[in-house]
Amino acid sequence: MNKIKIIYFTPVVIVLIFLIFLFQLLNKDVKKLSSALIEKPVPEFEMQTLYSDITLLNSNDINSSNVALVNVWASWCIPCRAEHEILMLLSKIEGLDLYGINYKDKKINALNFIDNLGNPFKKIGVDKNGRSSMVWGVYGIPETFIIHKGTVIYKHIGPIHLNELENVILPILAKLL
Amino acid sequence: MKTRSLIIIIFLFIFSPVAFAELKLTKEQDSRATELFKETRCLVCQSQTIYDSNSEMATDLKLYIIEQIIAGKSNYEIENQLVKNYGEWILMTPAFSQSNYFLWFGPFIILLLGAIMMLRYILKNNE
């Protein structure tokens, strides 16, 4: 008699298991995919820089910084414009190097953007056709990576808002610096 | 104004395939490209494959795949590189890895449990 009763409850258990999965899905923001690069070394890449045709921006630059922040931006990207103020603030932090990747942009527009809003970056790489950024898994800018001693720690998709700076970015940096 | 927009539309139709036209593929390479396009998820339009999407990201990925095929990479190598860059989610078919065992075997396990229960019920009733 007891055995039959257990059988009656199995559908309930199965439904519960599915509900757990469903709620996990609902809680996840599917728009924001976590990066495949987290806890992985900085991907191999090399690009020309915005201010000189001779110097390059590559993985070695980023690996040479103790804590680096890589920001993918473009002058045509309106959220990037809003985010730039935050990057200017971040550039004042001692021990943190900011690197920019200028994504699918016109050189003149990129230069104007930096001239008008300031340059928070130590070096700016140029990715004219978006190909070099593919190794970073970039699919919608702005995107920001935090790198500690050559290992990717965190990826932020979309502009960094002031509250995200305070509650997410700065605590991560505080631990690393 | 109407004629102008019409001209623009016609121009767009004529020149949109230009990006692909310069890359000539053999028939075999072309079918491989299509196969990979249908297996690659468009990350900005998540429920679509890049084969179905005309978004900028999809176009970039298609070009990338075509280039890799021309460079002589195998489908496996190309898929691996995509997963390395973008994560497992980029592929429409989830990989057969440890974290996905439940996904692959779950339905069969549940089916098996159901079959066992049904069998037991039938056997009991026969007695």
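Which residues does A:Ile141 touch, not counting residues up to four places away in sequence? They are A:Val72, A:Trp73, A:Ala74, A:Cys77, A:Cys80 and A:Tyr103. The model is predicted.

**Nonpolar core**
- The largest nonpolar core has 47 residues.
- A:Ile141 is among the residues with the most contacts inside this core, together with A:Val70, A:Tyr99, A:Tyr103, A:Ile147 and B:Ile65.
- A:Tyr103, also on that list, is one of the residues that A:Ile141 touches.
- In soluble globular proteins, nonpolar side chains tend to be buried together.

**Strand β3 of chain A**
- Strand β3 of chain A spans residues 67-73, and six of its seven residues are buried, so the strand is largely enclosed by the rest of the structure.
- β3(A) and strand β4 of chain A (residues 96-103) run parallel and are joined by seven bridges.
- A:Val70 stands opposite A:Tyr99 of β4(A); A:Val70 and A:Tyr99 are both listed among the residues with the most contacts inside the core.
- A right-handed β-α-β unit is made by β3(A), helix α3 of chain A (residues 78-90) and β4(A).
- β3(A) and strand β6 of chain A (residues 143-148) run antiparallel, with six bridges between them.
- A:Ala68 has A:Ile147 of β6(A) as its bridge partner, and A:Ile147 is another of the listed core residues.

**Domains of chain B**
- Chain B is divided into domain 1, residues 26-95, and domain 2, residues 98-127.
- The C-alpha centres of these two domains of chain B lie 37 Å apart.

Technical notes
Residues numbered from 1 in each chain as written. Chains lettered and ligands numbered in written order. Predicted model: local features only at pLDDT ≥ 70, side-chain atom pairs only at ≥ 80, totals over all residues. Core = buried A, V, L, I, M, F, W, Y, C linked by C-beta atoms within 7 Å. Buried ≥ 20, exposed ≤ 12 C-beta atoms within 10 Å, placed from the backbone. Contact = placed C-beta atoms within 7 Å. Domains from an automatic or database assignment. Helix = DSSP H or I, 4+ residues; strand = E, 2+ residues; numbered from the N terminus. Pairing = 2+ DSSP bridges. Right-handed = clockwise from strand over helix to strand, strands pointing away.
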